[in-house]
Amino acid sequence: MVPILSENPLLLLFLVAALGYGVGNIPIRGSKLGVAAVLFIGLAFGALDESLRIPNIIFLLGLSIFVYTIGLSSGSGFFKAFKQEGVKNAGFVLASLLFAALLTVALHLLLKFNPTQSAGIFAGANTNTPALAGLLDTINRTGASTQINSQVEEAVVGYSLSYPMGVFGVMLAILMVQRMFKIDYQAEAYSLRNTYVLDQSIKTITVEVTSTELAALSIRELVRKHGWTLVFGRLKRGQTFQLCNWDTHLLQGDLVAVVGKEEELEEVIKVLGKISEIIISQEPSEYEIQRIFVSNPMVTGQNLASLNLNEQYSAIITRVTRGDVDLLARGDTVLELGDRIRMVGHQQDLPVLKKLFGDSYQALSQINLLSFGLGMALGLLLGMISFQLPGNVTFKLGFAGGPLIVGLILGALRRTGPVVWTLPYSANLTLRQIGLIFLLATVGIRSGHTFFGTLSEGEGGWIFLAGTLVSFLTAMVMLGIGYKWFRIPFSLLTGMVSNQPAILEFATSQSKNALPNFGYSIAFPISIILKIVIVQILYTLLP
């Protein structure tokens, strides 16, 4: 078996990927390792024989694709969060990582690890694969040719032995701190309900207008007066149907379809009249409801207001579904490739509107290789630039940092003229997972022999202990400081310290709302850049 795998590296790669993916989906005490299990299966295969190897180009390909797609999907959220509370959020993330770095330095000096092991421990305790990738990239670029292989193996051993407690240590810290401060997740969610879109399902109701005082006000004036974030759809007046617009005046006896969150819909009912048993969307009329895929690049990156649909067509977009999330369609809602829009439109206009938005599932399955290739090339070029730090220390962003930063910028821009930088939601996730699997399988197989050798020699226990202390103590201290000093809601904090999807899933199960997801999206782009830089500095400066 070993000779066959040694002579067929692609067979080895996909065998490890398949087994790792299967093991990663096995629940362990309510949590799953996910794609990270590919690394551990790779370590097991690598331990079989030193001759088992995957070409390094597979590693570099997986790394660059992985971080670039992360950047594309996080770009808009990263810069939006940075504008709102960027200094506070960036300060918290920086303080957290500096604390972890200082703790790593102390353990390095106390336990006499070598720099590659300590840098690997830092990356593993933070369960951050891009940081490990950045470290391995630095070793390959700057290490002595005779020591590169051994240093790569030492870094991966430090990462792999620290990784498990990088997950479970943070989970334990969340449990302990939430009990210490007696966190009321429901109260937090209620206080933040107007800032973040939480688990508030969007519904459509039909309201019968009974108030006689509304005729003087247009829908635009009603929305401004009450601060509503709603969409008014079909209107039935007598036996005729029409679509609402901002200038529509509601009259007594009208039946109007309103789309929004439950809390606001209750307010609408009080103001307009009463809920009707008639569902006007089911009434026969010249207006129909259609779900349309956004596959036309020409409308991607534009907000709904700029499309001027109401002026050109008899149609209204009420919802936008992105992934598994329903978004209320507002003027500032920006369309992405792969979005599904729910539209109410006149039968004559719907064919034209379908053509406008594309409505092609096949087109969504294709990747624009022009924009994808250009973006990747720009990222790789940025990664080749050397930066000078104080103390005559130079570093490069490399295959990890360069594509990530370019991905963030292009993800925020969304498009430049006719070039759409973003990828369809499903295509982005698929490419990201493929890149991560290539990366983890290659690293695991390359380092398996040294990993188990270190464990058998007894040194692995100290590395495991160091990783435990770094992850657990960092999470404990930063959760306390973030909640008491930075005044960040605890639900958001748990997402901000979630270095790994399993931790995020655990945090969400504790809060029973989506706030940890927002914290994760705020901190992740900032932390991933800082971790890549810090891990290279540790490797360079540690004695």
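**Entry 1: Cavities**

I looked up the cavities first, and by the rule used here there are four cavities of 30 Å³ or more. I noted the rule: on a 1 Å grid over the protein atoms alone, a cavity is a set of points where a 1.4 Å probe fits but cannot get out, a pocket is an open set with protein on both sides within 12 Å along at least five of seven lines, and lining residues have an atom within 4 Å of a point. Grid points are joined across faces, edges and corners, and a volume is the space filled by probe spheres set on the points.

I must record that this is a predicted model, in which local features need pLDDT of at least 70 and side-chain atom pairs count only at pLDDT 80 or more, while totals for chains, interfaces and linings use all residues. Residues are numbered from 1 along each chain as its sequence is written, and side-chain values use heavy atoms, with hydrogens and water left out.

The largest cavity holds about 160 Å³ of space. I found 17 residues lining the largest cavity, and S96, N126, T474, V497 and N499 are the closest to its centre. The elements α4 (56-111), α18 (460-484) and α21 (515-541) each give two or more residues to this lining. Helices (H or I, at least four residues) and strands (E, at least two) are DSSP runs, numbered from the N terminus.

I then sorted the lining of the largest cavity by class: 10 residues are nonpolar, six polar and one charged. Here Ala, Val, Leu, Ile, Met, Phe, Trp, Tyr, Cys and Pro count as nonpolar, Asp, Glu, Lys and Arg as charged, and the others, Gly among them, as polar.

**Entry 2: The second largest pocket**

I looked up the second largest pocket, which contains about 760 Å³ of space. Its lining has 27 residues, and W246, N310, I316, A329 and G331 lie nearest the centre. At least two lining residues come from each of α9 (219-226), β2 (231-237), α11 (304-307), α12 (309-312) and β7 (315-322). By class, I recorded 18 nonpolar, six polar and three charged residues in the lining of this pocket.

**Entry 3: Helix α5 and its partners**

I looked up how α5 (residues 115-125) packs against α18, and found an angle of about 50 degrees with the axes 9 Å apart. Axes are lines fitted to C-alpha atoms, for helices over the stretch in contact, and angles run from 0 to 180 degrees between N-to-C directions. The helices α5 and α18 are therefore oblique to each other. Angles under 35 degrees count as roughly parallel, over 145 as roughly antiparallel, 65 to 115 as roughly perpendicular and the rest as oblique.

In the contact (heavy atoms within 4.5 Å), Q117, I121 and A125 of α5 meet I463, A466, G467, V470 and S471 of α18.

Against α6 (residues 129-142), α5 packs at an angle of about 160 degrees, with the axes 8 Å apart. The pair α5 and α6 is therefore roughly antiparallel. Here T116, A119, G120 and A123 of α5 meet A131, L132, L135 and I139 of α6. The contact of α5 with α6 divides into six nonpolar, two polar and no charged residues.

**Entry 4: Helices α15 and α16**

Lastly, I looked up α15 (residues 369-383) and α16 (residues 398-413), which pack at about 130 degrees with their axes 7 Å apart. That angle makes α15 oblique to α16.
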